[in-house]
Amino acid sequence: MIYLRSRSEIGTLRQAGRIVAEVLNSLESKIRPGVTTRTLDQWAEKLIRERKATPSFKGYQGYPATLCTSVNDQVVHGIPDSRVLKSGDIISVDVGANFNGWHGDAARTYAVGEVAVIFQQLMKVTKEALEIGIAEAKVGKHLSNIGHAIQQHVEAANFSIVRDFVGHGIGREVHEDPQIPNFGKPNQGVILKAGMILAIEPMVNVGAYPVRVLDDNWTAVTQDQSRSAHFEHTIAILDSGAEVLTV
Ligand code: MF3
Ligand code: CO
């Protein structure tokens with residue numbers, strides 16, 4: 001079932017979202033050649049706990065870390081480890097924070113040092129796709145318009161949209177109803193209502209959309225080894241339009 005959250009509940013969700021945004025902002029200067037993904041993870045966990053919140057992903061279905069750090073052809077759910085970032089890499093960082101029982105969830109892809117133009121375009125198009133999807137999140141409109149708009153934008157740029165992972169409702173749990181595919185037909189299914197809280201998260205590949213999960217049972221990579229980008233925000237559907245909570 002899809003919950004409709006009150007003004008005061010959205011107030012707390014905004015606080016959780018703010019912590020998530022602070023983590024992603026602070027990583028802008030930490031992500032550089034020579035740093036390990038584990039160092040980024042430790043930094044993020046410390047910042048979240050200093051804010052009296054807890055990492056949403058750590059322990060979720062056995063996930064072992066605060067961040068998901070997905071490098072180059074890794075799409076999502078890369079586990080932080082001793083990998084050293086080098087100039088030319090791109091890294092998608094996904095983070096969730098639980099503040100007073102309410103979750104925020106967001107992701108960004110960052111360039112490490114100097115990155116080839118095609119990968120800069122990949123990141124730009126994925127970020128735009130998220131923004132275009134958010135612009136479709138209006139009271140009285142169909143949920144499927146979000147994914148449709150995202151897919152149109154990504155495919156117009158000759159990139160592909162991942163099918164095997166979707167956005168989701170969020171609130172007291174990290175993953176709640178509804179599922180939010182990043183592709184499909186417009187004007188179908190659920191009608192958006194004020195108080196819905198959604199995590200919208202397009203994952204975009206340079207090459208083809210199929211992915212596979214590595215033997216660690218978490219890390220999703222592109223099957224064709226092309227690179228992938230991921231941007232995510234948690235939003236609240238309000239009568240006045242969508243409010244981005246992870247800022
Ligand atoms: N934003 C991602 C998602 O919604 C993060 C989940 S990672 C997990 O799927 F470890 F919590 F699964
Ligand atoms: Co999410």
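The text below takes a helix first and then the aromatic side chains.

The model is predicted. Helix H4 covers residues 144-156, which makes 13 residues.

The buried residues of H4 are Ser144, Asn145, Ile146, Gly147, Ala149, Ile150, Gln151 and Val154. Just after H4, asparagine 158 has a positive phi of about 65°.

Turning to the aromatic rings, the structure holds 1 aromatic pair. It is formed by tyrosine 63 and tryptophan 218, whose ring centres are 4.9 Å apart; because their planes meet at 80°, and an angle over 60 degrees counts as edge-to-face, the pair is assigned to that class. The pair links distant parts of the chain, with the two residues 155 residues apart. Tyrosine 63 is in the loop between strand S1 (54-55) and strand S2 (67-71), whereas tryptophan 218 is in the loop between strand S11 (211-213) and strand S12 (220-222).

Are these two residues buried or exposed? Buried means under 20% relative accessibility. Tyrosine 63, at 3%, therefore counts as buried, and tryptophan 218, at 19%, also counts as buried.

Two other rings have a charged side chain over the face. Lysine 30 lies over tryptophan 43, at 3.9 Å from the ring centre. Arginine 163 lies over phenylalanine 183, at 5.3 Å from the ring centre.

Technical notes. Residues numbered from 1 in each chain as written. Chains lettered and ligands numbered in written order. Predicted model: local features only at pLDDT ≥ 70, side-chain atom pairs only at ≥ 80, totals over all residues. Heavy atoms only, no water. Helix = DSSP H or I, 4+ residues; strand = E, 2+ residues; numbered from the N terminus. Expected span 1.5 Å × (residues − 1). Buried < 20%, exposed > 50% of the residue type's maximum accessible area, 1.4 Å probe, protein only. Phe/Tyr/Trp six-rings, centres within 6.5 Å; stacked < 30°, edge-to-face > 60°. Lys NZ or Arg CZ within 6 Å of the ring centre and 35° of its normal.
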